[in-house]
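Hi,

Here is the structure I said I'd pass on.

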Amino acid sequence: MKITVKLFGELKRRFPEYHPDQGLDVEIPEGSKVADLLALLGIPTSPGATVIMEGRVLPLEEKLINGSLINLFHVMYGG
Amino acid sequence: MLRFPAVLYIAGSQDLNKKQSQEKEKKMKFIRVDMSRQSIRFEDVPNPYLGLGGRGLTSTIINTEVPPKCDPLGPENKLIFAPGLLSGTNLVNTSRISVGAKSPLTGTIKESNAGGTIAAALGHLGITAIVIEGQAAKGEMFILRIDEKGEASLIPAKEFKGMRTYSLVDKLLKAYGEKTSVMCIGPAGEYLMKSASIQSSDVDDHPCRAAARGGLGAVMGVKGLKALVVDRRGKSPDAIADPEAFKEAAKIFAQKVKENPFSGQFLPNLGTAGLVAAVNSMGAFPSYNATKGVLPGWENISGENLTKIMKERGGGPGHMGCSQCIIHCSNVFMDKQGKYVTSSLEYETIWAFGGMTGIKDLDTIARLDFLCDDIGLDTMNTGVALAVAMDAGYKKFEDGQAAIEMLEEIGRGTEMGKVLGDGPAAVGSRFNHLRIPAVKNQSIAAYDPRAMQGNGVTYATSPMGADHTAGNVIGQYMARKLDPLKPEGQVKASRNSQIAMAAMDSIGLCILAAVALEAPEAGAAFLKALSAKLGTPLGPDAIPQLGIRTLQAEREFNRKAGFTNKDDRLPEFFYKEALPPHNTVFTVTDAEMDTTFSF
């Protein structure tokens with residue numbers, strides 16, 4: 001299935017071809033979870049990336065849905 | 001949200017070793033300035049205040065010495081400047097100053113915290129606190145100067161009357177030398193406006209950092225003090241009991257601040273503005289006077305776009321704002337011609353002038369930030385005041401020119417300017433408009449309580465009025481430890497964060513560096529540094545105990561001033577008007593909120 005990932009902050013530096021308007025199209029097997037997506041992108045779950053879909057912070061074990069748009073952040077603590 | 005390593009929460013009651021700290025603290029300087037008589041007195045640190053610094057000290061002094069029911073703008077109120085316990089040491093990111101008084105905005109006790117260079121400068125002179133008492137005769141105005149040797153003098157300063165802060169700092173540096181730190185008020189403080197800030201000069205001598213909250217600029221103004229001017233070349237810091245142990249611990253702590261992805265990489269590249277994207281993505285960015293949780297077009301005012309613009313024009317992120325900072329979360333914003341506009345353009349300011357007003361243009365927002373710094377205003381209370389005025393129909397949302405004109409009205413002290421300069425509650429009252437996003441008259445910050453319920457608990461219960469730095473919970477949400485939309489667990493998260501923040505504000509550690517305390521080695525090194533400074537081995541609960549003691553003193557003062565649990569509530573609309581996109585309201589019950597301080 002295909003997931004579109006938008007990367008924020010410094011996360012985009014890992015992907016030199018990344019363009020913020022298009023995001024990153026990721027092919028991932030059906031039934032994959034949030035943790036699988038992070039592993040595929042090489043982003044460690046600790047100390048922390050935050051995966052947000054439709055305003056919701058997703059738990060690592062949540063199954064992804066084909067065609068989803070995901071926003072990916074560092075964990076932040078306030079400003 | 002700051003989380004201490006678990007080791008710091010182990011129960012027990014070991015406190016600071018008072019006997020040892022008494023010996024040492026007595027060498028510290030405690031300055032009382034009587035503005036009524038223009039006299040200055042140096043004292044040993046009074047016994048009840050030994051071992052305290054920053055917010056712990058300002059709040060304890062206020063709770064002990066200020067009549068709780070006094071008029072905040074009367075001579076009985078006191079204005080206290082206190083660097084943190086570790087300010088002036090070599091521990092990184094410790095140039096934080098606490099300014100305390102009874103607040104004319106909230107009517108509660110107030111600690112307003114600022115960065116810049118002055119806390120380190122006072123620390124290098126071994127000054128624990130400066131207590132400003134009484135008030136000068138109406139129309140009189142003074143500068144309080146502390147020279148290289150730590151000698152203090154009051155200098156008549158009528159020529160600076162009405163001056164805005166950038167020009168003022170320029171003139172003060174010409175008069176007192178380049179190695180000078182300044183905290184000062186602008187016209188808003190002189191007009192005694194309730195959103196008046198006390199501005200603090202950064203490493204470039206721009207008065208762009210602020211003890212902004214609670215209208216303490218008005219307290220400074222009514223006392224007749226235009227500026228506090230401190231020489232940065234002091235060489236008489238308080239002794240460190242075990243310098244070798246301190247040095248070693250400080251080195252480890254600095255490494256951990258650099259290694260932490262948030263403080264070491266994210267903040268130098270995006271600054272706090274990086275939160276715009278995250279909080280909008282979570283549907284918690286209060287927009288159009290808190291009627292939407294996502295600002296359509298937020299990408300224009302995101303940290304990512306801010307960084308891009310700043311790099312194109314010169315200036316940029318990664319700017320060092322405060323003495324001894326190794327994070328460099330600050331920035332310098334230039335206009336299209338490459339001319340300086342402002343520094344330290346922060347997330348909360350971008351939200352207040354962007355999200356709340358619907359202005360999606362960083363050039364206008366940067367200009368508004370500069371005007372606030374120059375006039376001496378809290379950007380948050382002022383941005384939200386403008387948003388309430390727009391919501392009430394006085395001006396249109398998204399109208400950047402109208403926003404600039406409203407700020408200039410405040411700067412000139414016109415009739416409407418005085419209403420706007422008193423903050424969102426005053427504006428709501430003027431227009432009979434009920435949607436006022438404030439608690440105890442102080443505006444909320446850039447996290448809507450309906451979509452981040454724990455931040456709502458902090459806004460409602462903090463002894464400071466609505467205040468994000470009093471106990472931000474966002475880190476818990478982003479680390480998947482707590483669901484931001486549900487009431488469960490929010491009181492506990494707010495409580496722990498409020499305790500941690502009160503402790504950090506007392507020690508003088510920047511809360512962005514405190515994030516590194518997550519790593520157990522960093523927590524241990526920090527405790528070791530504090531122990532080495534005070535000359536007494538601190539138990540793991542010493543830091544939270546410091547936070548709890550501070551909060552208890554603040555709550556006690558507020559109780560005596562007449563506040564009860566019924567004041568610890570959010571405005572009604574947060575309970576009744578659902579916030580899109582989640583369409584949730586605030587659901588933490590009153591009974592639960594009343595347990596926030598059940599220590």
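Before the sheet, a bit of bookkeeping: two strands pair if DSSP finds at least two bridges between them. Helices (H or I, at least four residues) and strands (E, at least two) are DSSP runs, numbered from the N terminus. Keep in mind that this is a predicted model, where local features need pLDDT of at least 70, side-chain atom pairs count only at pLDDT 80 or more, and totals for chains, interfaces and linings use all residues. Residues are numbered from 1 along each chain as its sequence is written, while chains are lettered from A and ligands numbered from 1 in the order in which they are written.

On to chain A. Five strands make an open, mixed sheet there, in the order β2-β1-β5-β3-β4. Its edges are β2 (24–27) and β4 (56–57) of chain A, each pairing on one side only. Further in, β3 (residues 49–53) and β5 (residues 69–74) of chain A run antiparallel and are joined by four bridges. In that pair, A:Ala49 sits opposite A:His74 of β5(A).

Now chain B. It has 23 helices and 17 strands, and its C-alpha trace spans about 60 × 55 × 50 Å along the principal axes. Of its 599 residues, 65% count as buried (20 or more other C-beta atoms within 10 Å of the residue's own, with C-beta atoms placed from the backbone).

Between them, 24 residues of domain 1 of chain B are in contact with 23 residues of domain 3 of chain B, contact being C-beta atoms, placed from the backbone, within 7 Å. On the domain 1 side of chain B, α17(B) gives the most, with three residues.

One helix I'd zoom in on is α10 (residues 303–313) of chain B, where B:Gly303, B:Leu306, B:Thr307 and B:Met310 are buried. They cover an arc of only 100° around the axis, so they are on the same side of α10(B); the arc is taken over the directions from the helix axis to the C-beta atoms. Among the elements covering these residues are α8 (261–270), β13 (316–319) and α12 (362–375) of chain B. Just after α10(B), B:Gly314 has a positive phi of about 90°.

Cheers

Note on methods
A residue is buried if 20 or more other C-beta atoms lie within 10 Å of its own, exposed if 12 or fewer, and partly exposed in between; C-beta atoms are placed from the backbone. Two residues are in contact if their C-beta atoms, placed from the backbone, lie within 7 Å.
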